[in-house]
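Me: I am new to this structure. Could we go through it in short steps?

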Amino acid sequence: MTIRLARGLPASVLGLALVAVLAGALPRSEAGPASPPAPDKDALVAHVAALAGPAMNGRGSPEDREKAAAHVEKALREAGVKDVPGRTGFRCPFPASASRPAGVNLAGWVAGEKADEYVIVSAHYDHLGKKADGTYFGADDNATGVAALVEVARALAAGEKPVRSVMVAAFDLEETQDMGSAAFAKAPPLPLERCAAFVTADMLGRSLADLFPGLLLVMGGERADGLAEAVKGVSPEVGITVREMGMDFNSLGWSDYVAFEERKVPCLFLTSGACRDYHRPEDVPEKVDAAALHARTRWMLGLVRALCGLPARPVWKTTPDPRLVEIETIHALVKGFGEQEAALGVPPMVAAMRKAFEDNLAATLARGKVDAKERAAIRNQALMLFRMASQLR
Ligand SMILES: [Zn+2]
């Protein structure tokens, strides 16, 4: 993610932020049967170690981004990913302009039964590189998402043919205002009119402020009925809890879905949330929760298969309806915080505010419906909390 937050929020707000952050992501115990072949945990760990290791220097300079692109290119080729029809090779370079450095996106193809419709699954491979205070290795952000992308692609290519085809995309320059994905959407390898849905994974190895192990946030389902249907249809995975939120709850602002949303492509954003080492040199491979990354990747594979198999293409909604499932997510997070606030030393006043918010959310859930006005108020309060959570260290 690219950060767009103002620093230096008042300490009282910070406590509230904590609340939001702490939400309760309790692991589910029921497991669906995994359809072989499946993402491999050791391969995920190895990709994270390579991409976020010392040799790539944080994937920030043109040379280091090239090393990362070459790694991903080779990994996708070995995974059985083919060229996009009509193209040779995975590389989609884009030139520098007055406002943008040059970069290289990658695009590959897993053929489905339908060649005329495809689903994009993606992750950005760049990070922040070296700065005065050290190397920003970018393990969670976003070596984990790229590792998941490769392993999802491998399982798709080796497994039963999906119904729709899959375009596998690795983006450059996300950390520079999403410039890689913006260039890709502007000049896509195939027309976006044929793209049924877009999925991007950004940070899948830690959790929101490291307070919710196993949390997987899925955002964007409000934008098309088919998306929410696909999300609901994916079998749960042991060790993670999948929770939905509207895309407008992304308090960090951007990720690679933005340029596709602008073109009304139904988008889903998968993230475990910004950890405490978000955009810091301490975001290193050793801190990634490999078991959770593995479970999230298996779920992501199920999601991509579900999107490929939807009977009808998701239809973009200009004005999404407020959804109770989002209130359930916020309520779970706020409640989860409450369960941890004693250990966090939350001041009593903040604890009281948190409890009031939780009670409000519970009342909304009890009514079984939420209107646009109420959702807007809840969103404001939740965003404030998320922002503060991002200040936790
Ligand atoms: Zn990122």
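Me: What share of the 393 residues of the chain counts as buried?
Reply: This is a predicted model. A residue is called buried when its relative accessible area is under 20%. Of the 393 residues in the chain, the share that counts as buried is 58%.

Me: What radius of gyration does the chain have, and what would a compact globule have?
Reply: The C-alpha atoms fill a box of roughly 60 × 50 × 40 Å along the principal axes. A compact globule with 393 residues would have a radius of gyration near 21 Å. The value for the chain agrees with that: 20 Å.

Me: How many helices and strands does the chain have, and what percentage of the contacts with a separation of 6 or more comes from residues 24 or more positions apart?
Reply: The chain has 11 helices and 10 strands. Take the contacts with a separation of 6 or more; the part from residues 24 or more positions apart is 85%.

Me: Is H9 roughly parallel or roughly antiparallel to H10?
Reply: Helix H9 covers residues 324-344 and helix H10 covers residues 348-367. Their axes come within 9 Å and cross at roughly 150°. Angles over 145 degrees count as roughly antiparallel. Therefore H9 is, relative to H10, roughly antiparallel.

Me: Which residues of H10 make the contact with H9, and how do the residues of the contact divide by class?
Reply: The crossing of H9 and H10 is left-handed. From H9, the contact includes Leu324, Ile327, Ile330, Val334 and Phe337. From H10 come Ala351, Arg354, Phe357, Glu358, Leu361, Ala362, Thr364 and Leu365. The residues of this contact divide into 10 nonpolar, 3 polar and 5 charged.

Me: Which residues of H11 does H9 meet, and how many residues of that contact are nonpolar?
Reply: The axes of H9 and helix H11 (residues 372-389) come within 11 Å and cross at roughly 35°, and the crossing is left-handed. Glu326, Ile327, Ile330, Leu333 and Val334 of H9 meet Arg375, Ile378, Ala382, Leu385 and Phe386 of H11. This contact has no polar residues and 2 charged ones, and the nonpolar count is 8.

Me: At what angle do H6 and H8 cross, and what is the term for H6 relative to H8?
Reply: The axes of H6 and H8 come within 9 Å. They cross at roughly 135°. That angle makes H6, relative to H8, oblique.

Me: Which residues of H6 and H8 meet, and what is their class?
Reply: H6 passes H8 in a right-handed crossing. Leu227, Ala230 and Val231 of H6 meet Trp299, Leu303, Ala306 and Leu307 of H8. The contact has no polar and no charged residues; its 7 residues are nonpolar.

Me: Is aspartate 225 buried or exposed?
Reply: Aspartate 225 is found in helix H6, residues 225-233. Beyond its neighbours within four places in sequence, aspartate 225 is in contact with Val315 and Lys317. Exposed means over 50% relative accessible area. Aspartate 225 has 52% relative accessibility, so aspartate 225 counts as exposed.

Me: How many Å apart in space are aspartate 225 and proline 236?
Reply: In sequence, aspartate 225 and proline 236 are 11 residues apart. In space, C-alpha to C-alpha, the distance is 20 Å.

Me: Where does tyrosine 278 lie, and is tyrosine 278 buried or exposed?
Reply: Tyrosine 278 lies in the loop between strand S10 (267-271) and helix H8 (290-309). In sequence, tyrosine 278 and leucine 385 are 107 residues apart, and C-alpha to C-alpha they are 17 Å apart. The relative accessibility of tyrosine 278 is 6%, so tyrosine 278 counts as buried.

Me: What is the phi of methionine 203, and what is the phi of alanine 209?
Reply: Methionine 203 lies in the loop between strand S7 (195-201) and strand S8 (215-219), and alanine 209 is in the loop between S7 and S8. Methionine 203 counts as buried at 1% relative accessibility, and alanine 209 counts as buried at 2%. Each has a positive phi in a residue other than glycine: near 80° for methionine 203 and near 50° for alanine 209.

Methods: Residues numbered from 1 in each chain as written. Predicted model: local features only at pLDDT ≥ 70, side-chain atom pairs only at ≥ 80, totals over all residues. Heavy atoms only, no water. Axes fitted to C-alpha atoms, helices over the stretch in contact; angles between N-to-C directions. Helix = DSSP H or I, 4+ residues; strand = E, 2+ residues; numbered from the N terminus. Parallel < 35°, antiparallel > 145°, perpendicular 65-115°, else oblique. Left-handed = near helix turned anticlockwise from the far one by under 90°. Contact = heavy atoms within 4.5 Å. Nonpolar A, V, L, I, M, F, W, Y, C, P; charged D, E, K, R; others polar. Rg over C-alpha atoms; globule rule 2.2 N^0.38 Å. Buried < 20%, exposed > 50% of the residue type's maximum accessible area, 1.4 Å probe, protein only.
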